Amino acid sequence: MSSPLGAGRVVSSRMPAEPARPIATISAAPAKAVPTNVSELDRVLGGGLVPGAVVLLAGEPGVGKSTLLLDVAQQWAAGAGSPSLVVSGEESVSQVRLRAERLGALHERLFLASESDLGAVLGHLDAVKPGLLVLDSVQTISAPGTEGVPGGVTQVRAVTAALVGVAKERGIATVLVGHVTKDGQVAGPRVLEHLVDVVLHFEGDKHSSLRLVRGVKNRFGAADEVGCFEMHEGGIASLADPSGLFLTRYQEPVPGTCVTVAMEGRRALVTEVQALIGAEVQGSPRRTVSGLDSARLAMVLAVLERRTKQLKLYNREVFAATVGGIRLVEPSADLAMALAVASGGLDLAMAPHLVAIGEVGLTGEIRRVGAIGRRLAEAGRLGFRVALVPPGCGSDGAAPKGMQVQEVGDLRSALQAAARASAEHGSR
């Protein structure tokens, strides 16, 4: 049997290498994930690395990609029963050895190689027969017989396609390190993300110890999970309970702060928002943010001034930031942002046991957000006793024991509820 493709080309049928079988007769055991023993990475991957799966880990230079994957290779060599192979196209084996010594990653089944030729990489796979391959990075490897320079569109596509084919054929779990562009996208052709099974983004501020591994695509699990890590002198460590990083402990309540609960993937993180209201200025005042969305801050400021009638912010400089290097972009942080600004502008400290969750609309209304039960549970676990939430969120039984949940319909009522909680705290 043949099928025409146009322009005189015809494709003839052939005997398949393996016949199609009923789905119920196919075993899922070969696709079972193998834990890497790096708990936060396993969380994002959906349990571990699947033999034959290809993972693309992308991130900015210096964020810690190589450090994390060297630790993964060490854990695999120590616990998975098969060797791991790290191939670096950017560093010599001596340079990688120095980092491995600092991390304590010197297992006898962990192999290192420095190559920039795809053929040599395949030769190392034949010699070592690893269960895990880490290639750092895919943009530095060239495929013989393929046009273009290493890192170019044609080369990256050819190298990735070849490695995906080898990984599937031999059952090798493969992790490719990818570069990113100035706007944070994976460098190279878009088809690169389509060829691989999992796409992860490694994020973090160089001035902060916090690092996040964020799932973007995952054929074997949830694609919205986030893993938290902390960089330190000895390498990188998983953070099973990172909420404490995003809070400041004050001896006395301080104006200009409010706590909210953000969702990173399916994980609830209790996070502090800070705001400072500057002096009146001539012309256009500055609106400076760190870890927040500048457009949402501008909207919140406009709503605060228009709907509450208590604050005059049009000629005041406003600075807003998060604590610990986390970035809040979801609308659920609007209410905490508004209360932090109001607290700073009115010089009224929020009660330290209060948490605010909700999206602010242009008319000043407080809108519902998702996962309210998980947010309140995490806040209750950390000792918060009062929660301001949108209407309809306090009567569904989601409140933890000992927490007072107050529904607020608009910004004015939210400010009044926060002022009452502050007064009650001050009277104790």
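**Figure 1. Overall fold of the predicted chain.** The protein chain holds ten helices and 20 strands, assigned as DSSP runs (helices H or I of at least four residues, strands E of at least two) and numbered from the N terminus. This is a predicted model, in which local features need pLDDT of at least 70 and side-chain atom pairs count only at pLDDT 80 or more, while totals for chains, interfaces and linings use all residues. Residues are numbered from 1 along each chain as its sequence is written, and side-chain values use heavy atoms, with hydrogens and water left out. Of the 428 residues, 47% count as buried (under 20% relative accessible area, with exposed over 50% and partly exposed in between; 1.4 Å probe, protein chains only).

Figure 2. Arg97 pairs with Glu101 in a salt bridge whose closest N and O atoms are 2.9 Å apart (a side-chain nitrogen of Lys or Arg within 4 Å of a carboxyl oxygen of Asp or Glu). The two residues are separated by about one helical turn because they stand four residues apart in helix H3 (residues 93-103). Arg97 is partly exposed at 39% relative accessibility, and Glu101 is likewise partly exposed, at 47%.

**Figure 3. The salt bridge of Arg296 and Glu359.** The side chains of Arg296 and Glu359 meet in a salt bridge at 3.8 Å, N to O. This pair links distant parts of the chain, with Arg296 in helix H7 and Glu359 in strand S17 (residues 359-360), 63 residues apart. Both Arg296 and Glu359 are buried.

**Figure 4. The salt bridge of Arg375 and Glu330.** Arg375 forms a salt bridge with Glu330, the closest N and O atoms lying 3.2 Å apart. Arg375 is buried, with a relative accessible area of 3%.
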